[in-house]
Number of protein chains: 2
Amino acid sequence: MKREQLIREIFKKRTYLCVGLDTDPEKIPLHLRDAEDPLFEFNKQIIDATRDLCVAYKPNTAFYEACGAAGWETLKKTAAYIGASHLRIADAKRGDIGNTSERYAHAFFRAMDYDAVTVAPYMGEDSVKPFVTSPEKWIVLLAHTSNPGSADFQLFGDKHKLFEEVVLKSQQWVGSGQLMFVVGATRADRIGHIRKLAPDHFFLVPGIGAQGGSLEEVSLHGMNKDCGLLVNASRSIIYASSGTDFAEAARREALSLQAEMSSFLDRLA
Amino acid sequence: MKREQLIREIFKKRTYLCVGLDTDPEKIPLHLRDAEDPLFEFNKQIIDATRDLCVAYKPNTAFYEACGAAGWETLKKTAAYIGASHLRIADAKRGDIGNTSERYAHAFFRAMDYDAVTVAPYMGEDSVKPFVTSPEKWIVLLAHTSNPGSADFQLFGDKHKLFEEVVLKSQQWVGSGQLMFVVGATRADRIGHIRKLAPDHFFLVPGIGAQGGSLEEVSLHGMNKDCGLLVNASRSIIYASSGTDFAEAARREALSLQAEMSSFLDRLA
């Protein structure tokens with residue numbers, strides 16, 4: 001999905017929600033566990049219930065890999081089921097030497113139908129650039145993550161911090177049409193700071209919901225004129241209920257976030 | 001595999017070779033491509049030909065993921081085929097927030113039989129520690145990699161560099177019985193420096209062979225009294241011949257490295 005289409009979808013649907021499909025076999029409702037592919041059945045119902053309320057879905061590969069080859073098949077079927085109407089982000093946090101990153105790009109962009117992959121920056125330019133394979137494919141580079149350990153190395157440096165170096169240097173490699181940054185919601189002041197370093201880029205923002213970030217703060221500090229945000233919620237949506245009503249409960253949660261997002265988009269007008 | 005067993009194997013077999021199974025469907029010999037599982041057939045023959053010459057095998061997950069669910073199955077079968085006699089390293093470069101890294105640990109250590117996983121440090125302590133699941137499982141943390149892009153962020157910092165911070169800080173989280181560092185062979189002087197920062201830890205050293213690093217330099221600067229090195233070679237061994245003699249050619253390459261290693265181990269005596 002190209003940048004222009006993503007922006008169009010955001011303003012048309014009045015949402016910049018990304019639904020995180022962190023689908024865990026031990027957390028899905030009991031009545032689904034006997035299905036042929038329980039994770040896929042769960043994802044399908046979540047997707048059906050939230051399609052009109054979000055512009056992106058983001059399965060985290062860890063949950064699928066934990067199920068072995070069957071989980072990998074579910075990951076593929078999930079991308080196909082979502083279809084080209086939404087940005088499909090494989091939250092894989094990959095990154096390796098050039099010829100190897102190229103294989104990861106193949107895995108997510110060709111063997112499966114994902115539009116974007118999250119990438120860890122530690123190995124530098126030749127680990128990142130192989131993911132730029134065609135104009136509608138995206139790299140989502142970790143900049144400042146939402147977890148407690150983000151302080152360990154991302155804040156390394158004296159005046160100038162590592163996450164700043166990552167945001168500045170990577171812009172020389174890939175343009176804003178194919179590069180987003182992961183910026184955690186848990187420190188909203190830092191989102192404003194990173195917005196100054198990368199005025200045009202989209203940010204994928206995890207940390208709303210279960211991790212405690214505020215949607216209002218994130219929107220206030222992170223938006224640019226194109227919106228420039230994809231705000232992710234995973235557990236707070238997909239596990240809103242553990243009963244047979246899980247999909248309706250997920251829709252309620254997504255709807256509440258979408259309504260808030262719609263009002264923040266009004267401020268841009 | 002526990003540290004003591006690994007050291008015992010190194011001195012018994014007189015080798016610290018790790019064979020990298022970067023098995024690419026487009027590079028394996030033509031006569032194998034009609035096999036039921038060509039990648040596994042290739043791996044089996046490479047493993048049979050090199051078992052006595054190495055102490056570890058390291059499949060890079062990218063090459064298997066590029067083949068979809070079938071590749072993931074091959075990855076699992078490969079670990080089982082190698083068996084507990086060798087350290088089985090999944091070169092996956094994973095790392096995510098705590099509950100997610102825990103799922104990756106499950107994927108490699110429980111759903112499959114790997115003994116070690118390579119981990120990218122960018123997300124910090126809570127992304128690394130979930131891989132410490134039991135005393136015979138290892139984290140292999142990226143410190144200073146062998147690729148050109150390693151200079152982009154790993155050398156970030158004024159006097160004190162990021163890779164040094166990674167090596168020093170992570171030792172506070174995990175002991176030398178479960179933590180190794182990836183240290184590229186392409187800058188042997190830096191291996192000596194990192195050895196001073198981490199005198200007891202094993203280093204997994206890629207970059208010999210196709211990437212141009214010297215085994216002698218690496219051994220000279222990197223060894224400690226327990227050997228402390230696993231030197232990886234991938235392409236130079238597994239693609240030594242593209243013909244029906246690929247396994248014999250791989251053995252010849254591995255044997256030549258093992259003979260050199262044996263002489264370097266003599267110097268420790």
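**A buried glycine, a packed helix and a two-fold pair**

Gly213(B) sits in the loop between strand S7 (202–205) and helix H10 (215–222) of chain B. The model is predicted. Gly213(B) has 22 C-beta neighbours inside 10 Å. The cut-off for a buried residue is 20 or more, so Gly213(B) counts as buried. Thr186(B) lies 27 residues away along the chain, yet its C-alpha atom is 4.6 Å from that of Gly213(B). Beyond residues up to four places away in sequence, Gly213(B) touches Ser146(B), Ala185(B), Thr186(B), Gly207(B), Ile208(B) and Val218(B).

Helix H5 of chain B covers residues 98–110. Its 13 residues, at 1.5 Å a residue, should span 18 Å. The end C-alpha atoms are 17 Å apart, which agrees. Several residues of H5(B) are buried, among them Thr100(B), Tyr104(B) and Phe108(B). The buried set also includes Ser101(B), Arg103(B), Ala105(B), Ala107(B) and Phe109(B). An α-helix has 3.6 residues a turn, so residues three or four places apart point the same way. Within chain B, the buried residues of H5(B) pack against strand S3 (87–94), strand S4 (116–119) and helix H6 (125–128). They also pack against helix H3 (61–65) of chain A.

The two chains were then compared. A rotation of 180°, with 0.0 Å of shift along its axis, superposes chain B on chain A. The RMSD is 0.0 Å. The two copies are therefore related as by a two-fold rotation axis. The same surface serves both copies, as 100% of the contact residues of chain B recur in chain A. Of the residues of chain B, Ala69(B) comes closest to the rotation axis, with its C-alpha at 2.3 Å.

How values were computed
Residues are numbered from 1 along each chain as its sequence is written. Chains are lettered from A and ligands numbered from 1 in the order in which they are written. This is a predicted model: local features need pLDDT of at least 70, side-chain atom pairs count only at pLDDT 80 or more; totals for chains, interfaces and linings use all residues. Copies are superposed by least squares on the C-alpha atoms of residues with pLDDT of at least 70 in both. Two residues are in contact if their C-beta atoms, placed from the backbone, lie within 7 Å. Helices (H or I, at least four residues) and strands (E, at least two) are DSSP runs, numbered from the N terminus. A residue is buried if 20 or more other C-beta atoms lie within 10 Å of its own, exposed if 12 or fewer, and partly exposed in between; C-beta atoms are placed from the backbone. The expected span of a helix is 1.5 Å times one less than its number of residues.
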